[in-house]
Amino acid sequence: MAEVFPVMGLSAAIEQRRAARSFSGEPIPADTLAEIFRLGLRSPSGFNLQPWRLIVVRDAEKKATLQGCAFDQRQVGEAPVTLICCGDRRVAGSDYIESVIQLGTDLGAINDAYADYIRSAVPSTLENMPSFGSLEVWTNRHTMLAVAHLMIVAKSFGIDSCPMEGFSTDKVKEAFNIPDEVDVCCLLPMGYAKDPLKEFGGRFGTEKVCFSDSYGEPFQS
Ligand SMILES: Cc1cc2nc3c(=O)[nH]c(=O)nc-3n(C[C@H](O)[C@H](O)[C@H](O)COP(=O)(O)O)c2cc1C
């Protein structure tokens with residue numbers, strides 16, 4: 001694979017990333033897509049469980065099917081690549097936990113004591129769910145964080161995207177053979193934006209969304 005380099009820095013990628021509603025058919029170079037995945041999937045996860053799973057849809061017929069599952073939103077079919085971003089709830093299985101342990105052990109990041117801790121803590125955390133009400137919330141939490149990474153990394157390589165919740169989960173699951181224990185968290189068309197983007201809708205300032213020490217207490221920077 002040839003080395004690929006970002007075309008803009010982090011601040012510019014964050015400021016220039018916009019939800020693209022239309023794409024040119026220009027393909028994403030394979031090296032660029034591989035680098036977007038490599039960097040985007042450095043996203044963090046609880047116990048490093050990495051429950052995200054991505055179906056990379058490039059086939060024109062498959063994209064048309066997916067567009068049909070997404071209220072016919074055209075960006076799904078126009079984009080050269082549309083990801084079906086899923087979260088797999090089956091991470092408490094011992095084989096899966098051992099694969100996470102192996103990954104970290106090979107890199108010298110996990111010793112025997114920590115491996116034992118993971119073996120007991122993962123199943124109990126996912127059973128007791130102290131900070132989430134359902135495993136679906138858990139898979140969405142992690143997968144959407146990875147999606148955020150992917151979008152910013154993609155933009156830094158000049159690739160636009162559009163996070164999407166406008167789709168029928170049942171239809172997507174059926175059309176793409178997605179198992180029951182896997183949640184569809186969002187769609188992410190990716191490519192080169194075509195039409196002028198919508199005007200930037202703005203973001204609330206810290207006075208509205210940040211609090212000081214207790215919910216509702218005004219925040220001053
Ligand atoms: C979880 C999520 C779901 C979204 N679903 C859709 C969608 O189905 N269709 C769409 O056109 N845009 C969708 N958007 C894009 C938002 O409308 C867009 O991000 C928002 O208006 C802010 O615009 P900006 O991203 O260009 O700054 C979604 C965004 C998020 C984060």
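Predicted model: local features only at pLDDT ≥ 70, side-chain atom pairs only at ≥ 80, totals over all residues.
Let's start with helix 6, which covers residues 112-128. Its 17 residues, at 1.5 Å a residue, should span 24 Å, and the C-alpha atoms at its ends are 24 Å apart, so expectation and model agree.

The helix is not straight throughout: at A121 there is a bend of about 25 degrees. A proline, P123, follows within four residues of that bend.

## Helix 6: ends and packing

At the start of this helix, N111 is worth a look. One of its side-chain oxygens comes to within 3.3 Å of the backbone nitrogen of A113. At the other end, M129 sits just after the helix and takes a positive phi of about 45 degrees.

Which residues of helix 6 are buried? They are A115, I118, A121, V122 and L126. The buried residues here pack against two neighbours, helix 5 (94-106) and helix 7 (135-156).

## Two positive phi angles

F47 is not a glycine, yet its phi is positive, at about 55 degrees. This residue lies in the loop that runs between helix 2 (30-40) and strand 1 (52-57). Its relative accessibility is 25%, which means that F47 counts as partly exposed.

M129 is likewise not a glycine, and its phi is about 45 degrees. Its loop is the one between helix 6 and helix 7. With a relative accessible area of 25%, M129 is partly exposed, because buried would require a value under 20%.

Now to the interior. In soluble globular proteins, nonpolar side chains tend to be buried together. The largest nonpolar core in this model has 18 residues, and the members that touch the most others are I36, L83, L188 and M190. At least two residues of this core come from each of helix 2, strand 2 (81-88), helix 7 and strand 4 (182-191). Helix 7 gives the largest share, with five residues.

What does I36 touch, leaving aside residues up to four places away in sequence? Its contacts are L41, L150, V153, A154, F157, I159 and M190. There is also a second, separate core of 17 residues, with A70, V76, F167 and V182 among them.

Key
Residues numbered from 1 in each chain as written. Heavy atoms only, no water. Expected span 1.5 Å × (residues − 1). Bend = angle between axes of the 7 residues up to and from the residue. Buried < 20%, exposed > 50% of the residue type's maximum accessible area, 1.4 Å probe, protein only. Contact = heavy atoms within 4.5 Å. Polar contact = N/O pair within 3.5 Å; in protein donor to acceptor, adjacent residues only side chain to side chain. Core = buried A, V, L, I, M, F, W, Y, C linked by side-chain atoms within 4.5 Å.
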